[in-house]
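Subject: Structure handover

Hello,

Here is the structure for your files. My notes follow below it.

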Amino acid sequence: MHAHLRAARRLTGVLAITLPALLAACTADQPTPAPLATADPVPAGVDAARDELAALAAAAQDRHLTARYAFGTADAPDRTVVVTSANDGTWRVDVPAWGLGGAVDVSLAATADGLFQCALPSAGRPEPASCVRLGDPDDAVPRRLDPRVQHPFTDWLEVLTDRRAPLAVSPATAPAGATGQCYSVESTSASLNSPLDVGIYCYGADGTPTAVRADFGTLKLAGEPGPAPATVQLAGPVVEGDPVGRGAPSPSDSPSAGTP
């Protein structure tokens with residue numbers, strides 16, 4: 001009986017010594033678990049810039065005015081674009097030297113009656129102004145008729161206020177000769193149809209657009225804006241006919257020599 005007890009005690013002692021060593025060896029053989037992956041934090045400055053731009057664009061939506069902008073492009077001399085944002089939400093943008101290869105001034109306008117393009121008296125068109133209806137007020141301007149300079153004052157403001165839009169926003173330096181708080185806007189979408197032109201967008205503290213630099217050219221506020229009218233007026237009567245296109249007329253569109 002005593003022999004059995006002594007044997008049991010010796011076995012217990014051996015186990016007490018060897019089990020911790022075996023457990024330590026097993027633990028050493030196991031790989032250390034990798035730390036949990038965490039998403040890269042968004043820089044605070046970038047997120048703040050997006051919020052600031054959205055707030056300024058929202059103020060621009062409520063900013064009704066008449067303003068003149070110096071418009072510069074790489075292929076034409078600087079000219080003056082006139083923007084009218086009326087108190088009732090209608091708008092009009094006059095763009096000199098855009099139609100027919102730069103020979104005709106045009107005006108785009110959205111009123112309660114629809115979306116219109118007007119041909120203005122200009123070097124290549126001495127006739128009085130007349131307008132052609134392009135569609136309903138909220139319709140998009142057909143690409144071949146779109147000078148694009150109206151977008152920063154109309155539908156692109158909705159994109160800039162939409163936090164779901166695929167945009168990356170960061171603070172930017174104002175273009176030379178421009179003022180205001182400026183932001184660089186890039187698209188984060190691989191889609192070919194970006195919701196707006198990437199570029200630089202600048203605003204005054206009251207929401208006045210002060211400058212835009214995008215694919216279509218550069219706009220800079222020229223002087224203090226004037227008061228807004230109650231509603232915009234078309235440049236001329238609405239007529240049946242074709243709107244003015246961007247390209248210059250081909251030789252076949254002109255009477256040949258000797259034709260009466």
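Arg246 is partly exposed, with a relative accessible area of 36% (buried means under 20%, exposed over 50%, partly exposed in between, with a 1.4 Å probe and protein chains only). Its salt-bridge partner is Asp75, with the closest N and O atoms 3.8 Å apart; a salt bridge here is a side-chain nitrogen of Lys or Arg within 4 Å of a carboxyl oxygen of Asp or Glu. The two are 171 residues apart, Asp75 in the loop between β1 and β2 and Arg246 in the segment after β11 (217-221). Asp75 is exposed, at 60% relative accessible area.

This is a predicted model: local features need pLDDT of at least 70, side-chain atom pairs count only at pLDDT 80 or more, and totals for chains, interfaces and linings use all residues. Residues are numbered from 1 along each chain as its sequence is written, and side-chain values use heavy atoms, with hydrogens and water left out.

The salt-bridge count comes to 8. Two further pairs:

- Asp206 and Arg63 meet at 3.3 Å, N to O. Asp206 sits in the loop between β9 (199-203) and β10 (209-214), Arg63 in the loop between α2 and β1 (65-73), 143 residues apart. Both are partly exposed, Asp206 at 43% and Arg63 at 24%.
- Arg148 and Asp197 meet at 2.7 Å, N to O. Arg148 lies in the loop between β6 (130-135) and α3 and Asp197 in the loop between β8 (181-187) and β9, so the pair ties together parts 49 residues apart in sequence. Arg148 is partly exposed at 27%, whereas Asp197 is buried at 8%.

On the fold, the protein chain has 3 helices and 11 strands (DSSP runs numbered from the N terminus: helices are H or I of at least four residues, strands E of at least two). Of its 260 residues, 38% are buried.

The largest pocket has a volume of about 910 Å³. A pocket is an open set of points on a 1 Å grid over the protein atoms alone, where a 1.4 Å probe fits, with protein on both sides within 12 Å along at least five of seven lines; lining residues have an atom within 4 Å of a point. The volume is the space filled by probe spheres set on the points, which are joined across faces, edges and corners. The lining has 38 residues, with Gln150, His151, Thr154, Asp155 and Trp156 nearest the centre. α3 gives the most to this lining, with 4 residues.

Regards
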